[in-house]
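Hi everyone, thanks for coming along.

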Amino acid sequence: MGKVYVLDHPLIQHKLTYIRKESTGTKDFRELVDEVAALMAFEITRDLPLEEVEIDTPVISGAKAKALSGKKIGLVPILRAGLGMVDGMLQLIPAAKVGHVGLYRDPETLKPVEYYVKLPSDIEERELIVLDPMLATGGSANAAIDSLKNRDARQIRLMCIVAAPEGVEAVQEAHPDVDIYLAALDEKLNEKGYIVPGLGDAGDRLFGTK
């Protein structure tokens, strides 16, 4: 079963409070999501492997130091709200490649339908981090992960800002090999499928749409 990590760093929790506030406008909401994504990137990369290298410093030659041991990272935002988390991640992992998975909900079946996929050519070699601010029912996350696995992705993590227990359970059931990283695990879904207390519609708040 995949693990669930709730990243309770004080800066993440402080900024999350302002992300949740109804009075936070589009500009501030976008900047806060960007900042929280960067802070979460710090936590989600904590276990990346290191190797010893030799470098020349201004003082000596051949100093022993640590560097990432070639692990390739790929970021895969779920369109459109996941785009709001990409820049924050790239601040810490600038060499990461970025793919995109576009999904919409069929109005009759309420199931996610894939309409766009563009991924790095070497995704089977990369540690992929799927990005979506909200994990509600888990439908979109599961569809995106299915899409990656169907294209030979082997290492996938899911990173969301807020999640409902129902969504976490759905992803764990469908993809027990995927670890989930959250800023908050909220109380529940309401009858409309919104996370409670949640933060509203992340896409609308990021892009100023209704």
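This is a predicted model: local features need pLDDT of at least 70, side-chain atom pairs count only at pLDDT 80 or more; totals for chains, interfaces and linings use all residues.

Some background to start: side chains of opposite charge can pair when their charged atoms come close. How many salt bridges does a search of the whole structure find? The count is 13.

Let's begin with R20 and D186, whose side chains form a salt bridge with 2.7 Å from N to O. R20 sits in helix α1, residues 10-20, while D186 is in the loop between β11 and β12, so this pair ties together parts that are 166 residues apart in sequence. Is D186 buried or exposed? D186 counts as buried, because its relative accessibility is 7%. R20 has 23%, so R20 counts as partly exposed.

Next come R151 and E114, with their closest N and O atoms 3.4 Å apart. This pair also links distant parts of the chain: R151 is in the loop between α4 and β10, E114 is in strand β7, and the two are 37 residues apart. Both partners are partly exposed, R151 at 35% relative accessibility and E114 with a relative accessible area of 39%.

Now look at E43 and R46, another salt bridge, where the closest N and O atoms are 3.2 Å apart. Here E43 is buried, with a relative accessible area of 18%, whereas R46 is exposed at 57%.

Finally, which residues are linked in a network of salt bridges? Find K72, D122, E125 and R126 on the screen: those four are linked in such a network.

Key. Residues are numbered from 1 along each chain as its sequence is written. Side-chain values use heavy atoms; hydrogens and water are left out. Helices (H or I, at least four residues) and strands (E, at least two) are DSSP runs, numbered from the N terminus. Buried means under 20% relative accessible area, exposed over 50%, partly exposed in between (1.4 Å probe, protein chains only).
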